Amino acid sequence: MATTQEAWNESGEAAKPKPMGWKELYLKEDWWAVWLGLGLMIFAILLFEAGASGVLKALAINPGGLKWSSLDQLGGHFTQNANLYLYQFLFWLVLFGVTTRIMGASLSQFIPAFIFLYVLSIVMFAIAGWANAARFNLEAPLVALILGLVIANVFRLPAWMDSAFRVEYFIKLGIVLLGATFPITLVLTAGPVAIAQATFISLATCLVIYFVATRMFGLDRRLAAVIGVGGAVCGVSASMAIAASVNAKKEHLYTSVTLVVVWALVMILVLPFVSRAMGLNAGVAGAWIGTSEFADAAGFAASSAYGKMAGNEDLAVKAFVLMKVIGRDLWIGIWSIVWAAIATIVWEKKETGRTPDAREIWWRFPKFVIGFFAASMLMTIFTGGFSAADFNSAVRPNLILPLTSLRTWAFIFCFLSIGLTTRFRDLHSVGWKTFWAFTIGVGVNVSLGYMLSVHVFGSYWSSI
Amino acid sequence: MDPSQRRCGACRFFTGAPAALERAIPGLNILSSAWGSVRADTGLCGQSDTFVTAATRACTAFSGATPEDIGPSDNRRPP
């Protein structure tokens, strides 16, 4: 539904903007995540059926599972597999380079930046593959985030490198690939619980932030709405989605960016260790992180890190996805409509930008979720024809594990990109009233999430 | 053109291109993206400094965009 570039008609006057329509299928990263994720999955199934899974395993190579104990051992791995890493690099470079170019990125900027990202990712995997990594809490998501932050804020990378540090694109691809290991039956059975829990907490958090901001601190209600959904639904993406609904100012969104980024980073680093100190089950912690973290990428980093600490990454990530993606992200269009209605009907007309439009539910729908559902259904159907023994002896090592490795690559690209794009000096200064309104909401969000995930639905999330 | 048919997306003050939006709001790309579906056609009005959609009915400050404003690859410059 975005504008086309043909806004200047033949008669020389500004034309009415046309909907993006089908162009969205190749101009939005959500759709590219769907095409790449499903394409990779189908490619993997075809290779498996043809008995050529070695190709897929080669493309999915990483040193994360090496458990090396000496640099000679690590060096030997890279020397022995140098050609495979070269093919893999070219594979990712072509996939991401071509698609980001179609979306408008410059290849002269993308290629050098992606080389840098790939090399750093290899380093991350190598650290994660050290035999003593777990002993020193060197979980790949946390190390990637911290290393990225240090590089971005100490060495001042040029801004053009951001063209390859596409946090959202990588996480969306990772989520679609995650669908390949996510039984559709789990989505159908656990989805309603996740939606109920997430909706309750999101509503409470948004209302708390809004009323604290407006009633206690007298802040602009457009700002209150923008940071309210930022803290309650899905961070900056939610803030941007309702910004036009309430006619928010640029500084309102800029403020939301700062608050969301700072608190999301704090929670990535804190929630896994708090969960461990409490001895939480991986599924319970994943659900808690799913209600507490604002952004998908940040939540994945936290849930994946804790899952590794607890020895069950799969469970933590699954609970997180159910809570965050199914429970919160899907409904962003409805939030946008509700705020447009409030702005139009309740607030003064002069402050409103437009009237509510039900079609926004689809326009603002995070389309990558379609890929997640499709991957889940496709793999559930495909693997349904195998016995448990065949699944474990053939399907898991030759199809599921290589796809999981490709997904991990996408996540490592993402976690590094979070750090590499976070330049604290670029963030907007935030007033104390705004900070406290948001922070009180965060406190409510985290507390309610803990209560429901641990005490009310604890047995449920630990057994999904 | 009938003034009532004018929309923000065709105005020179409208920034709707993803790259331009991410330049206009540093940090937007850290945990979000201007290339995502969720943004839909939301863009930034350089005249009022507020967010509008491309389909929003234009205000009295409407000024038609020129091809130079729009550019060849949707990288419309903020005014």
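Mentor: Helices (H or I, at least four residues) are DSSP runs, numbered from the N terminus. Axes are lines fitted to C-alpha atoms, for helices over the stretch in contact, and angles run from 0 to 180 degrees between N-to-C directions. This is a predicted model, in which local features need pLDDT of at least 70 and side-chain atom pairs count only at pLDDT 80 or more. Residues are numbered from 1 along each chain as its sequence is written, and chains are lettered from A.

Trainee: At what angle do the axes of α9(A) and α19(A) cross?

Mentor: The axes of α9 (residues 184-216) and α19 (residues 432-456), both of chain A, cross at roughly 160 degrees and come within 8 Å. Therefore α9(A) is roughly antiparallel to α19(A), a term for angles over 145 degrees.

Trainee: Which residues of α9(A) meet α19(A)?

Mentor: Contact means heavy atoms within 4.5 Å. Among the residues of α9(A) are Phe200(A), Ile201(A) and Val208(A), while those of α19(A) include Phe438(A), Gly441(A) and Leu448(A). The residues of this contact divide into 13 nonpolar, six polar and no charged, with Gly counted as polar.

Trainee: How many disulfides are there over all chains?

Mentor: A disulfide is a pair of cysteine sulfur atoms within 2.5 Å. The count over all chains is zero. For Cys8(B), the nearest cysteine sulfur belongs to Cys45(B), 6.2 Å away.

Definitions and conventions
Heavy atoms only, no water. Helix = DSSP H or I, 4+ residues; strand = E, 2+ residues; numbered from the N terminus. Parallel < 35°, antiparallel > 145°, perpendicular 65-115°, else oblique.
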